[in-house]
Amino acid sequence: MATGMIADLFVKDLILDPSTRDVSDVKHEVKAVASSSSADRAKKFLQECKVPDGATAYGSYEELVNDKNVDIVYVATPHSHHYQNTMLCLEAGKHVLCEKAFTTNAAQANKLIETAKAKNLFLMEAVWTRFFPLSIQVRKFIEDGNLGAVHRVIADNSFGDNVEEKYGTSHRMVNMDLAGGCLLDRNTPPFPLSLSSLNPQS
């Protein structure tokens, strides 16, 4: 769901041959892509990502979630719309992998979790760093007591852009009405790292 930069990166990675990672028990297929602007934009996205023939291009999210060939939806819309887009998927009976930030507040997150549980659907925030071999090893060291008790974690996600020059004041990255800013947009990666270090079983 959506055809922006993060969706492009995700789909290109998803369609890689699993054997390149010494994996043989999974196979991913992109069955459909939806753009909120037009089916033509979705078609262009499929071509640019070199998705094998057979995937359907939709010009609305409603068409995507009603596609019987789709089992799980990757929600890659701006996070200001994650709640409504993820709920659309869940209400249509689709499993969901939602890009971060999962929602803009805890009430929205709790409602999505509650809905997924009630419908027995898979729902997860796309925190890919959690599955890095190094992240798994660090959590194991902590769980096994090899690092001692963790009382504080310092995590930083820095970049050298002049935000106002690069984005102005209305771009979704900085527009507070669209949940922009460092807390929900630019600085989401350190939070899962910090939480999993303080509570490695979470």
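Tyrosine 74 counts as buried, because its relative accessibility is 11% and buried means under 20% relative accessible area, exposed over 50% and partly exposed in between (1.4 Å probe, protein chains only). The structure is a predicted model, in which local features need pLDDT of at least 70 and side-chain atom pairs count only at pLDDT 80 or more, while totals for chains, interfaces and linings use all residues. Residues are numbered from 1 along each chain as its sequence is written, and side-chain values use heavy atoms, with hydrogens and water left out.

The structure holds two aromatic pairs, where rings of Phe, Tyr and Trp (its six-membered ring) pair if their centres lie within 6.5 Å, and planes under 30 degrees apart count as stacked, over 60 as edge-to-face and the rest as tilted. Phenylalanine 10 and tyrosine 74 form a stacked pair, with 3.7 Å centre to centre and 15° between the planes. This pair links distant parts of the chain, as phenylalanine 10 belongs to helix H1 and tyrosine 74 to strand S3, 64 residues apart; helices (H or I, at least four residues) and strands (E, at least two) are DSSP runs, numbered from the N terminus. Phenylalanine 10 counts as partly exposed, because its relative accessibility is 25%. Tryptophan 128 and phenylalanine 132 form a tilted pair, with 5.1 Å centre to centre and 50° between the planes, and phenylalanine 132 is partly exposed at a relative accessible area of 38%.

Strand S3 runs parallel to strand S4 (residues 95–98), to which four bridges join it; two strands pair if DSSP finds at least two bridges between them. Within this pairing, tyrosine 74 stands opposite leucine 97 in S4. S4 also pairs in the parallel sense with strand S5 (residues 123–125), over three bridges, and the bridge partner of cysteine 98 in S5 is glutamate 125.

The largest pocket holds about 1300 Å³ of space, and among its 39 lining residues the closest to its centre are Phe10, Asp13, Leu14, His28 and Leu97. On a 1 Å grid over the protein atoms alone, a cavity is a set of points where a 1.4 Å probe fits but cannot get out, whereas a pocket is an open set with protein on both sides within 12 Å along at least five of seven lines, and lining residues have an atom within 4 Å of a point. H1 supplies the largest share of the lining, seven residues.

How values were computed:
Points joined across faces, edges and corners; volume = space filled by probe spheres on them.
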